[in-house]
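Please walk through this model with the sequence and the coordinates open side by side.

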Amino acid sequence: MLEFMIERMTRKKLANIKFSKIEPELPKDKDEIGLYIHIPFCKMPCPFCAYIRYPWNPKLERPYIEAVKKEINLYRNVLGDVKINSIYVGGGTPTIMPEGVADILTHVENAFNVSSDIGVESNPDDLNEKTLALLLDAGVNKLSMGVQSFSDEILNGIGRRSHDAKQTLDAIELVMNNGGFDTFSIDLMFSLPTQSLASLKRDLDIAIEKSVPQVATYPLLLFPYCKMYRDVKEHKIELPNKKVEKKMYDVIVNSFVDAGYEPCSVWSFAKKGVDKYGSVERDEYIGVGAGAMSNVGEYFYANTASVEEYIQAVSKGSPPIAIGAKSSLDGIAARWLSMSLYEMGFDKREFKRRFGMDVNEKFNSFLRWLKLFGVIKVEGDHVQVTRKGMRPIHLMTKTFLLTFIAKACTACMENPKPLNLRWS
Ligand SMILES: C[S@@+](CC[C@H](N)C(=O)[O-])C[C@H]1O[C@@H](n2cnc3c(N)ncnc32)[C@H](O)[C@@H]1O
Ligand code: SF4
């Protein structure tokens, strides 16, 4: 009953968005904003991957970097001397071109007033002393690494061919011995083909035994445009069923809590006292690069996913935006609320400050209902997701991503032609 209601409400209220060829209106008086930089290349793209990424072609590196720098200049002209309050370089695989990432970050520093942490995603097979030094020199202080599993059998089963478990363990040791990053997080995945509860538990135990400061645990999300989605539909691959996935989630939470980690979201856990790793998804941000998404004011919009169209558009001085959606204040507030629950709670005064309305009035029945089922507890102005509430909120986040992100990625892949805009 609870799960049915959560799924329905998420689809109807949170992910209810329509993308079209809409031109976003960018405010000229912004004080601060986040910056997301997308590097859409991977050495050996994984068949399950939900992100916009292509097989790596070294010939594209220079034209792509120059195009990203031009797009940054386009934003600089519109947004003026805005403060950049968070920088996140994601992919794809940014560490496939560490010099290129450093070059782009230097350009950002010169173009904007930057006061921010810098987070970068990495693959284990790219990490060595030289790459770490390049990233640290460029000001990167938060690093995440895609591990997925410490089992070679699972890595084979999900078609992840770029590294094996031994390389991952070496890369973790390298980063942790280096000690230069303020935060270090690894990504593990669950609900994977051939994965059992025991093999998941082994992955969690290794991460804990290695004392990794933060671990994000991603349930496998399959989108219609992923190869693995088709393989599952054609019964070539079998996944753990819903019951097993639920048990897996409980094993994850119990393992980390028993080991003294704290949830920093419903799917990420950090050792007590460490700085938390996070991306820029929550607040307003601009995204640069092919397939990058932006969230500014009432608009959520995406660049063309085609690298060729992207490079061509910015070379002509035109923003590479291909698709967008305008939300009502209620829609934006609902998404903020769901992100806050994903991050384990929020302060009601913060909601009022942002949206000028009382969260109890706006979402009265939703919050009452969450309280009734023990999903949240309320102490004064603070709303906290309970241990029991983590699974329903996890389901809400999963449903949201499967609906909202699938719509956004599909729309941006189906509309490769940018809008041919001019920003003066
Ligand atoms: C954008 S990827 C970048 C990390 C890096 N390229 C790597 O794979 O090591 C970030 C993380 O998203 C997760 N991910 C990718 N595809 C996913 C999917 N279909 N469902 C759930 N998580 C996924 C993986 O855990 C991955 O490490
Ligand atoms: S999971 Fe990482 S390495 Fe694999 S295709 Fe996606 S971005 Fe590339």
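What covers the buried residues of α4? The cover includes α3 (98-111), β7 (142-148) and α6 (165-178). Helices and strands here are DSSP runs numbered from the N terminus, where a helix (H or I) has at least four residues and a strand (E) at least two. Helix α4 itself spans residues 129-137, and its buried residues are Thr131, Leu132 and Leu135. They sit on the same side of α4, because the arc they cover around the axis is only 100°; the arc is that of the directions from the helix axis to the C-beta atoms. An α-helix has 3.6 residues a turn, so residues three or four places apart point the same way. Glu129, Lys130 and Asp137 are exposed on the other side of α4. Buried means under 20% relative accessible area, exposed over 50%, and partly exposed in between, with a 1.4 Å probe and protein chains only.

The model is predicted: local features need pLDDT of at least 70, side-chain atom pairs count only at pLDDT 80 or more, and totals for chains, interfaces and linings use all residues. Residues are numbered from 1 along each chain as its sequence is written, chains are lettered from A and ligands numbered from 1 in the order in which they are written, and side-chain values use heavy atoms, with hydrogens and water left out.

Now the whole chain. The protein chain holds 15 helices and 18 strands. Its radius of gyration is 21 Å, close to the 22 Å that the globule rule gives for 424 residues, so the chain is as compact as a globular protein of that length. That radius is taken over C-alpha atoms, and the globule rule is 2.2 Å times the number of residues to the power 0.38. Along the principal axes, the C-alpha atoms fill a box of roughly 55 × 55 × 45 Å. Of the 424 residues, 56% are buried. Among contacts with a separation of 6 or more, 76% are between residues 24 or more positions apart; contact means heavy atoms within 4.5 Å. The accessible surface comes to about 18600 Å², and carbon and sulfur atoms account for 50% of it. Accessible areas come from the Shrake-Rupley method with a 1.4 Å probe, and for residues only the protein chains shown count as cover.

Just after α10, Gly317 takes a positive phi of about 80°.

Gln148, with phi near 70°, lies in strand β7 and counts as buried at 8% relative accessibility. Ser211, with phi near 60°, lies in the loop between α7 (197-209) and β9 (214-219). Ser211 is partly exposed, at a relative accessible area of 28%.

Which residues surround ligand 2? They are Cys42, Pro45, Cys46, Phe48, Cys49, Arg53, Gly92, Thr93, Asn123 and Arg160, where a residue is near a molecule if one of its heavy atoms lies within 4 Å of it. This shell divides into five nonpolar, three polar and two charged residues. Here Ala, Val, Leu, Ile, Met, Phe, Trp, Tyr, Cys and Pro count as nonpolar, Asp, Glu, Lys and Arg as charged, and the others, Gly among them, as polar. Gly92, one of the shell residues, is found in the loop between β4 (83-91) and α3. The peptide bond from Gly91 to Gly92 is cis, with omega near 10°.

Ser162 is in the loop between α5 (152-157) and α6. Is Ser162 buried or exposed? With a relative accessible area of 13%, Ser162 is buried.

Asp103, in helix α3, is partly exposed at 21% relative accessible area. With the same exclusion of residues up to four places away, Asp103 touches Arg62, Ile65, Glu66 and Lys69.
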